[in-house]
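I record what I looked up and what I found.

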Amino acid sequence: MTYDGWDRRRFTTALLGPEAVPEPTPVHHRVARGVVVDATSYMLCLATPQGEERFLYDRNTVFWRGGEIRPTELRPGDDAVVRCSHEGRLLAEQVWAQTARVTGVIVEREGESLLIDPGHGRPRLTVVLPYRASGRISVRHPRLEPGYLFDAVGVRRGGEVWASRPVTTQPPHPLDATPRRPPVHEYSTTVEGIATWYDPAWGRSAHLDPRAQTPGAAYPALDRAGHEGRCDRRTPCLPVPLLSTGATLGIRNDRTRETAVVPVIDCAAADSWFCDLCPTCGPGAAGRIASLTMISFVALGGRLEAGCFNATMTVATREE
């Protein structure tokens with residue numbers, strides 16, 4: 001018998017007390033996601049589930065659409081994510097448009113296009129490697145061949161993702177040749193590693209898919225009995241405890257020191273395929289602890305174009 005996340009938190013609270021499953025942290029006061037209606041040199045108008053919202057800029061506001069752009073280069077119809085200033089929701093601190101990420105195994109290559117299998121039974125994605133980005137990507141992903149892992153951020157164009165920059169350094173061997181990691185029998189409730197992000201709505205705007213507004217995290221060590229669907233995970237790089245959907249995680253961005261409690265909502269088996277560092281961060285532990293949804297990652301101070309940040313995860317309870 002399976003239960004949704006709310007049921008799991010309710011039952012765990014009844015058995016172990018409310019401190020065992022802390023309530024998720026609201027993020028919508030800091031982040032907005034919607035469709036660009038209009039963008040001028042001083043204001044962005046975004047259609048969100050709450051209606052049309054307007055955001056002002058200052059000289060420090062950054063705009064990204066495959067690279068840094070001017071605000072007037074935002075296009076009506078773009079799927080956009082806005083991180084608001086700590087000073088108030090009216091001021092945009094950073095804006096991302098049409099941002100997409102592809103993480104998975106290369107299935108085939110044809111010219112400058114790759115077909116990527118993200119695992120978990122999700123649909124395969126086509127990635128285009130434009131000439132201007134190919135050099136940067138090939139430095140960190142030298143083997144663009146079937147069987148090798150791929151992880152890059154770019155922009156969504158139609159049904160394809162045009163890669164802009166790699167997120168990590170590609171492992172030197174195909175996924176099937178990954179050295180087998182020994183099973184872990186003891187876990188800590190606090191784990192240091194890197195947090196990444198994914199888009200649960202697969203680029204669909206908030207008006208078309210309510211998952212675009214979902215806070216939470218996909219997790220690399222889900223209990224198979226507590227997760228519906230396929231989760232083709234391996235032994236993770238880090239000794240993370242086994243959890244079920246509906247559990248909650250405490251996540252801290254070790255650079256910004258911002259923290260949040262997020263619910264586990266999905267499988268992040270691909271995180272167990274990597275044993276990497278975050279290239280844009282300082283020294284830290286290797287390995288991925290969670291993939292935050294796009295809005296949770298942004299709310300914690302993450303930059304979507306960077307793809308990761310050093311993080312500390314705290315689990316209130318251990319599930320067997």
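**Entry 1: a loop residue.** I began with Gln98, which I located in the loop between strand 6 (88–97) and strand 7. The model is predicted, and I read every entry with that in mind. Is Gln98 buried or exposed? I found a relative accessible area of 16% for Gln98. I then listed its contacts, leaving out residues up to four places away in sequence. Gln98 touches Arg65, Gly77, Asp78 and Asp79, and also Gly154, Val155 and Arg156.

**Entry 2: the cavity.** I next searched the whole structure for cavities of 30 Å³ or more, and the search returned one. Which residues lie closest to its centre? Of the 19 lining residues, I noted Arg101, Thr103, Arg122, Trp197 and Tyr198 as the closest. The volume of the largest cavity is about 270 Å³.

**Entry 3: the nonpolar core.** I turned to the largest nonpolar core, for which I recorded 44 residues. Those with the most contacts inside this core are Tyr219, Val240, Leu249, Ile251, Leu292 and Met313. Among the elements that each supply at least two residues of this core, I noted strand 12, strand 14 (248–253), strand 16, helix 3 (294–299) and strand 17 (308–315). I then followed Met313 and again set aside residues up to four places away in sequence. Met313 touches Tyr219, Val240, Leu249 and Ile251, and its other contacts include Thr189, Thr190, Val191 and Ile289.

Entry 4: How many residues of strand 14 are buried? I counted five of its six, and I described the strand as mostly covered. I looked up its pairing with strand 15 (259–267) and found the two antiparallel over five bridges. In strand 15, Pro263 is the bridge partner of Thr248. The hairpin of strand 14 and strand 15 has five residues between the strands, and there I noted that Arg257 takes a positive phi near 70°. Strand 14 also pairs with strand 17 in the antiparallel sense, over five bridges. For Leu249, I recorded Val315 as the bridge partner in strand 17.

Notes. Residues are numbered from 1 along each chain as its sequence is written. This is a predicted model: local features need pLDDT of at least 70, side-chain atom pairs count only at pLDDT 80 or more; totals for chains, interfaces and linings use all residues. Side-chain values use heavy atoms; hydrogens and water are left out. On a 1 Å grid over the protein atoms alone, a cavity is a set of points where a 1.4 Å probe fits but cannot get out, and a pocket is an open set with protein on both sides within 12 Å along at least five of seven lines; lining residues have an atom within 4 Å of a point. Grid points are joined across faces, edges and corners, and a volume is the space filled by probe spheres set on the points. A nonpolar core is a set of buried Ala, Val, Leu, Ile, Met, Phe, Trp, Tyr and Cys residues joined through side-chain atoms within 4.5 Å. Buried means under 20% relative accessible area, exposed over 50%, partly exposed in between (1.4 Å probe, protein chains only). Helices (H or I, at least four residues) and strands (E, at least two) are DSSP runs, numbered from the N terminus. Contact means heavy atoms within 4.5 Å. Two strands pair if DSSP finds at least two bridges between them.
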